[in-house]
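Keep the sequence and the model side by side.

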Amino acid sequence: MGPAPAPTHSAITLQVNGEKYTLSVDHRTTLLDALRERLDLTGTKKGCDQGQCGACTVLLDGRRAVSCLQLAVAAEGREITTIEGLADGERLHPVQQAFLDLDGYQCGYCTPGQICSAVAVIEEHAAGWPSAATDDVRPEAGVPELTAEEIRERMSGNLCRCGAYVSIVQAVARAAGAEEAAV
Amino acid sequence: MREFGYHRAADVSGAVALLAADPDARFLGGGTNLVDLMKTGVERPARLVDVRDLPLDRIEPAGDGGLRIGATVTNSELAAHPEVRRRYPALAQAVLAGASGQLRNMATVGGNLLQRTRCGYFTDASKPCNKRVPGSGCPAIEGVHHNHAVLGASAHCVAVHPSDMGVALAAFDAVVSYETADGPGALPLADFYLPVGDTPHRETALPPGALITGVTLPPAPVAARSRYRKVRERASYAFAIGSVAAALDVADGVVREVRLAFGAVASRPWRARAAERALTGAPADADAFAAAADAELSAARPLPDNAYKVTLMRNLTVAVLTELAEEAAR
C-alpha cells in the first residue's frame, strides 16, 4: 500500500523587501518565477534557469542565492531581498551608484544579479570570509585585501555576456572602498 | 516537472519517518543539484522533505580533538569556519574551489556528498545511462569522455564524482553519520561510496531512506599543513578535470606522514593509499613524490580522450607535495 498522495500546492507567505505577500503556489514554482510572474517584481532576471549564470541572484536572509534553484515554498519564512529592495527611497545603494558611475554593464540584463551578488561579496569580505583566490585561508593570515583578483573570483558566479567585467570589477572595488587595490 | 508534495521537517525522526513511508520521497537540502535535476526530469520525486530547518546546522568540537560538522551547515559556513581553516585548511580550500558564492550559500554538507555526477549522458534524460536507467548502456565509453574516470571505473560507467569537498574529507578520514527509521549509523568516507562494478546506479552504502546528520573529522595534526589544488578548464566556477588534496608532515627531510586524495578521476573521491604507502618514510623530494604518484596511477585505465589525466594527476601531485615540503622547510 503506497502513501497517501500529498498536496501539490500550498498557501505561503513570502517576505520580500520588507513586505509580506500571501499566495498559493504549485510546489514546482521557483522563487524566481514567483517573484517575476506572481509578485510582478521583474527586476530579478531569468538567464539560464539552471543555477549557472547568476542573473537571478537575490539575497536570502542576507546571503546571496540563485532564485532559479530555490523553490518558492521552501523560501517561506526567509527574508528575501531583490534588486527592488536595495535603494533607500530615491537614494541608490552604494553598489548601484558605483555600477552607474563606472558603467558596470552594457545591455543591463545581468546587472540586477551582479549588483545583488556584489552587495553580498562586500559583506562576506567584511566578515572575513576567504575565497579560492586567497593564498592562505588560515584565520591567522588575516582578511585578504579585496584585490581585483579577489573580486573576480568572488563574482565568478555572475556571467556577463556583454563582457563588462572590467567595469564591474572597478564598480565593486569602488563600492567596497578599495579602488586603489583593484585599479 | 512532475508534481510533488512538500513537507518541512521539524525534527530528524519526523524526517526519516516521512522517507520510510514513501520510497518516492527525497530529502531537500539546498536544492542546487536536486531542483536542477528535477527540472530536466532526471529526478522525479513524489514528495520533498525539506531538512533545512533541522537542528543540524552547527560545527562543534568532537570530544577527541576533531570537528563535527552538521549536515545542514552550508558550504559557505564550512569554508568560513575558523577551526576548519586552521586545522583542515585543505577542506576550506576545496569547498571554496567549488561552485559559486551563491551556490555555496545554498548547498549543504550532506547534499554536497550526495550530489550526482555531471556526466552529460547522465544529465540528459533522452540518452542511455546505466546510472540513471540500469542496463540502458554507457555512451560515454565510446562517446564524450574527456572528463571521465581513469581509476576504479567499469565497463558499465565511467562517470566521476563532482565534489571538491569530498576529496578533502577523504584525505582526512571523515566519518559520515546518518539516521534511519531503525536508528542511527555511521560510515567512514572510505566505505561511503560503493565501487562502480555493474551497479553504477547504487552510489552509496547508506541504507534506504537514511538522512545524513553530519560529518565527523577525526583529529589529524598533519591536516594543519594541507592544501587543495584544482585544475579546471577556466579560472573559476567550473568542475575539476583533476584535483588533489594533500597533507604532509616532514622531519629531517623525510616524510613522516602524508595524506593524499584525488578528485575528478573516479566515481568517488579517490584516497591515494598506494601513493601514501610509497611515500611514508621516503625523502621529501620531487623524485619520491613522482614515484608515489606513479604507484597510485599505475592502476589507471584511461580511455582515448582522458589519458591526459594520468599525466595531469602525476604533475599535480608532485606540485602540491613540493609546495607543502617547501612550506615545512620554512
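Along the sequence, chain A runs β-β-α-β-β-β-α-α-α-α-α. That gives six helices and five strands. Helices are DSSP runs of H or I with at least four residues, strands are runs of E with at least two, and both are numbered from the N terminus.

The model is predicted: local features need pLDDT of at least 70, side-chain atom pairs count only at pLDDT 80 or more, and totals for chains, interfaces and linings use all residues. Residues are numbered from 1 along each chain as written, chains are lettered from A and ligands numbered from 1 in written order, and side-chain values use heavy atoms, without hydrogens and water.

The C-alpha atoms of chain A fill a box of roughly 65 × 40 × 30 Å along the principal axes. Of its 183 residues, 51% are buried (under 20% relative accessible area, 1.4 Å probe, protein chains only). Take the contacts (heavy atoms within 4.5 Å) in chain A with a separation of 6 or more: 53% join residues 24 or more positions apart.

Chain A exposes about 8200 Å², with 48% supplied by carbon and sulfur atoms. The areas come from the Shrake-Rupley method with a 1.4 Å probe.

How many disulfides are there over all chains? The count is zero; the rule asks for a pair of cysteine sulfur atoms within 2.5 Å. Cys160(A) is buried, at 4% relative accessible area. Its closest cysteine sulfur, in Cys110(A), is 4.0 Å away, so too far for a bond. Cys157(B) is also buried, at 7%. Its sulfur lies 5.6 Å from the closest cysteine sulfur, in Cys138(B), again too far for a bond.

How values were computed
Buried < 20%, exposed > 50% of the residue type's maximum accessible area, 1.4 Å probe, protein only.
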